[in-house]
Amino acid sequence: MSTAIELRGVEKSFGITSVIRNVNLTVAQGERHALIGPNGAGKSTLFNLISGYMVPSAGSILLRDEVVSGLPPYQINRRGLSRSFQVTNVFANMSVWENLRCAVLWAAGYRYTFWKNIDNLPEVRERTARILSDINLTARRDVPAGLLTYAEQRALEIGITVAGGANVILLDEPTAGMSHAETERAVELIRRLTEGCTLLIVEHDMSVVFGLADRISVLVYGQIIASGTPEEIRGNPKVREAYLGEEAA
Amino acid sequence: MTETTQSTAPPYPAAAEKLKFYGLWVGAAIALLLLPKLFSSGGSLTTFSLIGISIIFALSYNILLGQTGMLSFGHAVYYGLGGFLVIHAINIIGTNKLPIPLPLVPLIGGLTGLLFAVLLGWVSTQRSGTAFAMISLGVAELIASSALILRTFFGGEAGISANRTKVFRLFDWSFGPQIQIYYLVAAWTLLAVIAMYALTRTPLGRMCNAVRDNPERVQFVGYDPHVVRYLAFCFSGFFAGIAGALAAINFEIANSAYLGAVQSGTVLFAAYIGGIGFFIGPIVGAIFVTFLSLGLSDLTQVWQLYFGLIFIAVVLFAPGGITGLLMMHRPLLKAGTFGRVLPSYLITFVPTLAMLAGLILATEIIVYYAVHGGDDSHIKAFGIPFDAANRYLWALSAILLVGGYWVARKTWTMVGHAWDEATGGAREKGAIA
């Protein structure tokens, strides 16, 4: 099986504070990989490094065997990696439809086009409509994204992330702050939308993690202490001590 | 097209809507054509020409501020350079008898604006926000002071002039009479407005909005926000150059004032007062500000002070500008609840007007003592003669100002309640999301 994401000896420090320490991680193509760990372990930082939002202090990050560390986010996105944000990060003054369409445009090949009417691009229209119905926001199509409810914004966040058709998807706590019922719906949505994609997901809800992931990595204090199938992780004493044990206590 | 697309995508505009849309543009063209028949004096033709120029300039500014979220303090650079190049171009065309007719000359101004935007924009559009604003200010100062130093090109304090009638003629139009200039400006205004409107409906135009809303997220959908800002900046420079060219053709002179901070400030005022959140906003603002600056300057010496007060009032109380204020009422009109706010508007009108009258009276009296202290105290402001030394008038202005404010404040809360009730009613009827 070929690898989608590979991290080789990645380090990140802010001043003298070392946040990510010698992380090696491999995510195979088509795998659903969950990243868990206590608060402040560096999960979001790791996402920022992989997506190009931050540059690693040392080590390298490969996307399908191609070094991407050091590239700006849009270059990495164009190579087929898309991410969502822990804190909702949408285009607040634009409608749901416009939000999704903006996320479709580059991948559809329109780039910085200024000689075509955006409403007359059938393939963009079709793809946007499909994502809109996938995230169940058809009824809210023309509402400015800033006026959506929290759960709706989270759904839009996922919609924007997958709209460009990237096949490596990074989701940063997609169900954070959701009720139990909302979480169930969100997991179903994620499962459906990332069909056939490589998925790397940060999640606190253990039922989501163990239900969704093929493999799990545990990040504690900037280091990966264990990596394996859900059964292996459940049985790992180090993990129980560092992470799961805390929850049980 | 799949079934999902048909059921979920916004419907394509119906034939009637399309007709209405194109009818609007045709209507605008006819109105521009007929305007001189209704107001044929030289003065009004000049006013209309200035409004047209101001509309193009304000819309070009809004490509930056309203659409891409870049606050520029130096937009006059591209306007002014367009103007200067066009004056030189007219002189060169005239002396060398080149076969370039005057109606095409504004394009030279546009290309000049574009060229300088291409050259100066790459660095300044790296960042938006404060960094962009500061760089735009610095570049503007640099160019404006060069205009005074490089005398051979910019003509120093006096500027440079040209004779537009010496240019190659097409269909025997000399472009001497103002009516011909009016039609030239009107045609270019219509073209530029259509082009700038079309730009907002392209993929680039929409990505400009996305960059305005959230430049960070734009990077994660494949776009480089710097490139988006840069392209917007170039378009903006192009249209500003056309506006400057038309101004130069209209006045047959270009001087350093074209490039200066006042010019940059005026276009910001016009766009903001009109409403930067709407395409039509800067058009409304350009018309309003042109009339205001022409009209107020006849009525009072300190018209710029009132201008500033209006600007402050808009920023504080109506950040959506005039257009925003009008658009707020659209759902109420749709739902038929406008009648619930109207009485409160009429009631608040009286004390607010009294307050403003007191403010104006006090201002004019203070200006008299501060500026013309020793002169005859019988002065005239807004066409009304009065004695600035009259103590009763002082008292009256104080009573109007304080009393007016005191009463007006109560009526403002009334307007607030009426507004809440009216929007509540509109929401029930589904006119507001």
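Residues are numbered from 1 along each chain as its sequence is written, and chains are lettered from A in the order in which they are written. Because the model is predicted, local features need pLDDT of at least 70 and side-chain atom pairs count only at pLDDT 80 or more, whereas totals for chains, interfaces and linings use all residues.

**Figure 1. Overall view of chain A.** Chain A contains nine helices and ten strands; helices (H or I, at least four residues) and strands (E, at least two) are DSSP runs, numbered from the N terminus. The C-alpha atoms of chain A fill a box of roughly 55 × 40 × 35 Å along the principal axes. For 249 residues, a compact globule would have a radius of gyration near 18 Å, and the 18 Å of chain A agrees with this. The radius of gyration is taken over C-alpha atoms, and the globule rule is 2.2 Å times the number of residues to the power 0.38. Buried residues account for 45% of the 249 residues in chain A. A residue is buried if 20 or more other C-beta atoms lie within 10 Å of its own, exposed if 12 or fewer, and partly exposed in between, with C-beta atoms placed from the backbone. Of the contacts in chain A between residues at least 6 apart in sequence, 66% join residues at least 24 apart. Two residues are in contact if their C-beta atoms, placed from the backbone, lie within 7 Å.

**Figure 2. The six-stranded sheet of chain A.** The strands of this open sheet follow the order β6-β7-β8-β3-β9-β10, with mixed pairing; two strands pair if DSSP finds at least two bridges between them. β6 and β10 (223-228) of chain A stand at the edges with a single partner strand each, so one side of each has no neighbour in the sheet. On average, neighbouring strands of the sheet are turned by 15° against each other, direction ignored. Within the sheet, β3 (residues 32-36) and β8 (residues 198-202) of chain A pair in the parallel sense over four bridges. A:H33 is placed opposite A:L200 in β8(A). Helix α5 (residues 150-163) of chain A lies across β6 and β7 (168-172) of chain A and runs at about 160° to β7(A). Axes are lines fitted to C-alpha atoms, for helices over the stretch in contact, and angles run from 0 to 180 degrees between N-to-C directions.

**Figure 3. Helix α1 of chain A and the glycine after it.** Six of the eight residues of α1 (residues 43-50) of chain A are buried, so this helix is largely enclosed by the rest of the structure. The buried residues are A:K43, A:L46, A:F47, A:N48, A:L49 and A:I50. A:G52 follows α1(A) and has a positive phi, near 90°.

**Figure 4. Two loop residues of chain A with positive phi.** A:N136 is found in the loop between α4 and α5 of chain A. Phi of A:N136 is near 60°, a positive value in a residue other than glycine. A:N136 is partly exposed, having 13 other C-beta atoms within 10 Å. A:Y221 lies in the loop between β9 (215-220) and β10 of chain A, and its phi, near 50°, is likewise positive in a residue other than glycine. With 15 C-beta neighbours inside 10 Å, A:Y221 also counts as partly exposed.

**Figure 5. The side of chain A that touches chain B.** In this interface, 44 residues of chain A are in contact with 29 residues of chain B. The elements giving two or more residues to this side of chain A are α2 (73-78), β6 (81-83), α3 (96-105) and α4 (122-134). Among these, α4(A) gives the most, with eight residues. The residues on this side of chain A divide into 24 nonpolar, eleven polar and nine charged. Here Ala, Val, Leu, Ile, Met, Phe, Trp, Tyr, Cys and Pro count as nonpolar, Asp, Glu, Lys and Arg as charged, and the others, Gly among them, as polar.

Figure 6. Chain B has 18 helices and four strands. Its radius of gyration is 25 Å, close to the 22 Å that the globule rule gives for 433 residues, so chain B is as compact as a globular protein of that length. Of these 433 residues, 42% count as buried. Helix α4 (residues 76-96) of chain B has 21 residues and should span 30 Å at 1.5 Å a residue; its end C-alpha atoms are 30 Å apart, which agrees. The expected span is 1.5 Å times one less than the number of residues in the helix. α4(B) is mostly covered, with 15 of its 21 residues buried. Just after α4(B), B:K97 takes a positive phi of about 50°.
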